[in-house]
Amino acid sequence: MRAKTVRTGLLTALAIVLALAWAFPVYWMVNSSLLPNVALQSTTPTFLPFGGSFDNFRAVISDPGFLSAIGISLAVTLTTVAAALFIAFLGALAISRFRFRGRRSFILALLLIQMLPAEGLFIAQYKMMSSLGLLNNVIGLAILYTAAVVPFTVWMLRGFVAGVPVELEEAAMVDGLSRTQAFLRITFPLLAPGLVASGVYAFLQAWNEFTVALVVMTEQQARTLPLWLRGFVQASATRETDWGQVMAASTLVAVPVIIFFLVVQGRMSSGLVGGAVKG
Amino acid sequence: MSAPQPVIVTDEPATGSGSGGPRAESPAPAALPARAKRRGRRVPLLLIVPTLALLVVALGYPVCWQLATSFKHFGMLQQFGQPPEWVGLDNYKAIVTDPDLWAVVARSIAFCLVSALTTVAIGGGLALLMQAVGRVTRIILQLALLLAWAMPVVASMTVWVWLVDWRRGLLNWLLVRLGVDAEGHNWLAEPLSFFVVAAVIVVWMSVPFVALSIYAGLTQVSTEVLEAAQIDGAGGWQRLRYIIVPLIAPVLSIVLLLQLIWDLRVFTQIKILQDAGGVANETDLLGTFVYRLGTGAGDFGTASAVSVFMLALTVALSWYYVRSIMKEES
Amino acid sequence: MKKTLGLAVATTTALLLTACGGGGTTASPGASPSKADNSKRTITLWLAGSDTPQELRTYLQDTFKTKTGATLKIEEQAWPDLVTKLTTALPDPKNTPDVVELGNTQSPTFTNVGAFSDISDMYDELGGSKLLPSFVDAGSVDGKKYALPYYFGSRYMFARADLWKEAGVATPKTLDEFNTAVKTITAKNPRNIKNFSGFFIGGQDWRNGISWIFANGGDLAKKENGQWVSTLSDPNTVKGLQQLQDLYRNASKAPADAKDVTPWLYVNDSDEILDDKQQVTGKTSLAAATIMAPGWAHWSIGDLKTKDGKKVREWNPAKFTAFVLPGNDGKPAPVFAGGSNIAISKASQNQDLARELMKIIFSGDYQQKLGGAGLGPANSDYVSSLGSDEFAKALIASASNSKLTPAAPGWAAVESAQVMEEFFGKIRDAADLTALAKAYDAKITPMLNMK
């Protein structure tokens with residue numbers, strides 16, 4: 001068994017190295033957020049934020065737009081995640097459990113919709129939202145976002161739905177559970193990794209989306225986080241961009257994503273075969 | 001339920017592909033007879049209504065507007081109230097006769113294939129790695145990927161531009177210390193090194209999505225089956241090829257398709273790198289080319305025509321692939 | 001979520017009401033309504049970026065309230081996204097801002113498409129011929145005034161006085177003297193710095209480079225028989241390009257594709273990098289004796305000092321100097337001016353109030369406040385409010401002869417396609433400048449006119 005231990009050790013080392021490689025730009029962002037602008041312009045890199053301070057963070061948090069932007073972003077994103085998962089689950093159920101006329105067209109449409117390019121679309125989106133009275137509206141933005149993530153989510157979930165043996169549900173029902181109970185206790189947990197993966201996807205798409213939000217959230221108090229963040233880049237035509245502040249603001253924008261992931265990640269690995277089917 | 005059967009992710013019906021009509025599928029082949037008409041004909045249609053309604057509401061008008069506009073002369077004047085004039089295929093003609101277009105298309109396809117395949121290969125490798133290592137290591141790796149994914153694009157692009165900067169960049173600083181004469185080397189000046197930098201950034205940005213999605217797919221692969229296969233003498237490669245890949249095929253196929261689509265029209269990364277250095281004309285990919293032809297110039301008729309052209313191009317390029325995906329559906 | 005739901009219901013209701021109400025209720029312009037009528041009215045002003053300080057915003061809001069009784073809402077738009085937002089919101093009567101600030105080079109596009117109200121009748125009242133002419137031109141079509149200057153900045157030279165002295169070169173009085181001086185400094189390289197530039201100018205940095213074209217009487221484009229034509233191959237333009245090519249080859253070591261937006265880094269001495277033992281580990285970053293930059297760059301040039309625990313740059317007159325690029329005649333050369341214009345949205349439902357706001361903005365009081373904040377006031381009567389230090393002097397002198405990019409409707413397309421960057425990037429290594437210029441004329445002319 002020594003060979004296996006060595007192998008696991010090597011793989012662990014590889015995983016750590018790759019983790020560091022992927023996280024390095026993130027580290028660089030956090031490092032920069034603690035440094036003054038002068039250090040960021042030097043020809044010699046500053047690897048550790050010695051002599052750094054939280055000034056940038058203080059400046060960014062005291063920005064009056066920050067709290068309202070977090071509120072708007074959370075509302076839009078959570079609405080999008082919930083709506084996308086719910087709607088997509090139904091769609092996934094349809095295509096993985098049923099054969100019906102139009103099923104193939106539906107699947108093909110899901111694939112093709114992903115290919116629609118967005119160039120120049122913003123004018124039409126603005127016109128539509130304006131005439132529907134949905135400018136500066138959380139629900140309006142969430143509808144656009146949900147539509148953008150639903151096709152992938154349906155596709156992701158259908159594999160998981162198909163993977164849940166119907167007889168498992170039925171067996172549970174024989175044991176006296178209602179259909180809903182059977183679903184909640186048996187099927188739902190088995191879907192968890194798929195729900196988490198597509199939930200994270202939907203969350204990030206909505207959280208970081210910029211162009212659509214720029215066009216339909218026209219007012220200051222309706223700004224989402226990416227719009228607020230943009231205010232720090234080229235904030236002024238007569239002053240240099242304060243990149244330390246941009247990095248601090250970016251760090252703050254990324255934090256809720258990490259929290260969201262930490263909350264749901266346990267579900268990601270609870271594989272199907274981990275328990276249920278073993279019986 | 002002690003069936004050693006793998007729980008197979010497949011839509012293959014238990015009975016042959018006969019007459020239409022609703023038919024529940026058996027997830028385990030040959031395990032159960034089809035439960036025809038278990039839930040009636042209307043149920044599946046009701047289930048897809050929310051998806052369809054949402055897509056129509058959110059995309060219907062913009063897509064129709066775009067299609068119509070692509071046949072119109074529609075610039076800033078028209079946006080500000082002048083009636084647009086129908087010009088038939090003029091916008092399309094202007095695009096396809098642009099001498100730069102086909103060079104850009106060729107460049108974009110090459111860039112797209114390299115980046116997308118690299119992304120999926122690395123992402124798949126990382127997903128397998130996540131399965132092979134312990135829980136703590138896995139969460140570290142997942143968190144690192146998620147951090148990269150969650151980093152706002154403005155921050156990540158700024159950091160990358162800093163890293164490769166000719167004067168202040170960490171890359172040159174390191175190379176000089178490794179004894180390479182890279183002081184003042186400008187990575188963005190030559191188109192080739194420009195695209196290498198761009199591809200590294202694009203791959204770095206898209207791998208987390210691919211890795212985490214494939215990993216989610218992998219959680220469906222039964223460890224029993226893998227162990228059984230191992231006992232039967234299947235090697236690592238064989239297990240990957242014959243058991244794992246078919247099981248995660250749906251996730252794999254959509255992820256690869258999405259990467260191909262996204263990488264074909266990559267815009268932000270190229271635009272920001274062009275703003276940092278490099279010669280726009282020599283480093284344009286479809287995304288930036290289209291932008292300056294249409295939106296950047298305020299010519300929305302052309303921009304719309306280009307969108308339709310890009311859609312057609314994407315469909316044409318992925319047609320074979322989409323068909324093979326669809327084949328598995330019937 | 002309750003709030004958002006409420007919002008959804010409210011907006012839907014509002015939509016229904018507007019739909020049923022038919023056409024909008026446009027307040028008749030001209031007749032200045034009494035204060036009481038206005039107490040419930042609000043107009044929106046879009047300001048670009050954070051350049052207008054909070055104090056000035058408050059002044060505008062307070063004065064507007066006092067004068068009209070109505071409320072002024074100020075929304076700040078990010079510079080990089082301004083065009084997108086203007087394109088979508090300006091034509092929409094329901095959601096248009098009433099008054100907008102926009103970049104001076106963005107003005108021609110929106111003015112030409114009819115996005116703004118004609119305010120020719122107010123022109124004299126707002127300052128008339130005292131307003132910065134190049135900016136007024138950028139907001140005019142056929143003599144009618146639509147967008148007027150809001151504030152200006154300008155470009156001038158920042159130099160290392162110590163290096164110029166070490167190289168034994170005096171401050172230039174004419175453009176030729178300047179060109180010779182910076183080449184001499186490069187050749188002498190008094191401190192033996194690797195890749196040292198007497199004058200650092202990036203190959204693709206056309207916004208600074210065009211000064212040499214303007215200074216020799218050339219231009220980027222002109223209007224002929226109602227059509228815009230690119231004039232890069234005009235003999236005067238080519239003369240400027242030749243001087244520039246000489247500088248690219250013999251004075252500047254900047255890469256041909258550089259469009260560095262932070263040129264001041266090259267004239268600063270070392271950024272001191274301290275390790276944890278407070279040892280300096282950084283090396284010198286000085287790489288140029290002269291740069292050309294917008295006036296506000298002086299905030300970033302100087303010795304590294306610690307102020308209130310923060311590292312900042314402090315201008316050191318013994319080491320640094322600022323001067324205006326001289327023209328062939330010894331007067332300031334025409335340089336590219338920065339700054340912005342301001343206009344009333346044609347779709348605005350509050351034309352009367354918007355005009356009141358314009359009057360406040362162009363009042364002597366507010367113009368002086370702009371100058372006090374370091375922004376060049378639109379009205380030349382008030383430039384003295386900028387102060388009398390060397391930066392104020394250089395700013396006023398360089399702006400006196402400043403120019404803008406052509407007021408052609410298609411200029412935005414030229415910029416977005418980065419054609420000028422491409423052209424300037426090729427100047428250094430071009431064997432035949434006139435042929436190159438002709439090739440780009442052919443490329444640019446069709447883009448200049450409204451399609």
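**Entry 1. Helix 1 of chain A against helix 6 of chain B**

I looked up which residues meet where helix 1 of chain A touches helix 6 of chain B. From helix 1 of chain A come A:P25, A:W28 and A:M29. From helix 6 of chain B come B:A155, B:S156, B:V159 and B:W160. I sorted the residues of this contact by class: six are nonpolar, one is polar and none is charged. I keep in mind that this is a predicted model.

Next I checked the geometry.

**Entry 2. A sheet in chain C**

I moved on to chain C and traced an open sheet. Three strands build this sheet, in the order 10-7-13, with antiparallel pairing. Which strands sit at the edges? I found strand 10 (290-294) and strand 13 (320-323) of chain C there, each pairing on one side only. Neighbouring strands of the sheet are turned against each other by 30° on average, direction ignored.

I then followed one pairing in detail. Strand 7 of chain C covers residues 155-160 and is joined to strand 13 of chain C by four bridges. These two strands run antiparallel. I picked out C:F158 and looked for its bridge partner in strand 13 of chain C: the partner is C:A322.

Helix 14 of chain C, residues 390-399, lies across strand 7 and strand 13 of chain C. Helix 14 runs at about 25° to strand 13 of chain C.

**Entry 3. The two domains of chain C**

I looked up the domain assignment of chain C. Domain 1 is 39-154 + 337-399, and domain 2 is 155-335 + 408-448. How far apart are the C-alpha centres of the two domains? I read 29 Å for domain 1 and domain 2 of chain C. The contact takes 15 residues from domain 1 of chain C and 15 residues from domain 2 of chain C.

I asked which elements supply the domain 1 side. Helix 5 (107-112) and helix 14 of chain C each give two or more residues to this side. Helix 14 of chain C contributes the largest share, six residues. By class, I noted six nonpolar, eight polar and one charged residues on the side of domain 1 of chain C that touches domain 2 of chain C.

Definitions and conventions:
Residues numbered from 1 in each chain as written. Chains lettered and ligands numbered in written order. Predicted model: local features only at pLDDT ≥ 70, side-chain atom pairs only at ≥ 80, totals over all residues. Pairing = 2+ DSSP bridges. Axes fitted to C-alpha atoms, helices over the stretch in contact; angles between N-to-C directions. Contact = placed C-beta atoms within 7 Å. Domains from an automatic or database assignment. Nonpolar A, V, L, I, M, F, W, Y, C, P; charged D, E, K, R; others polar.
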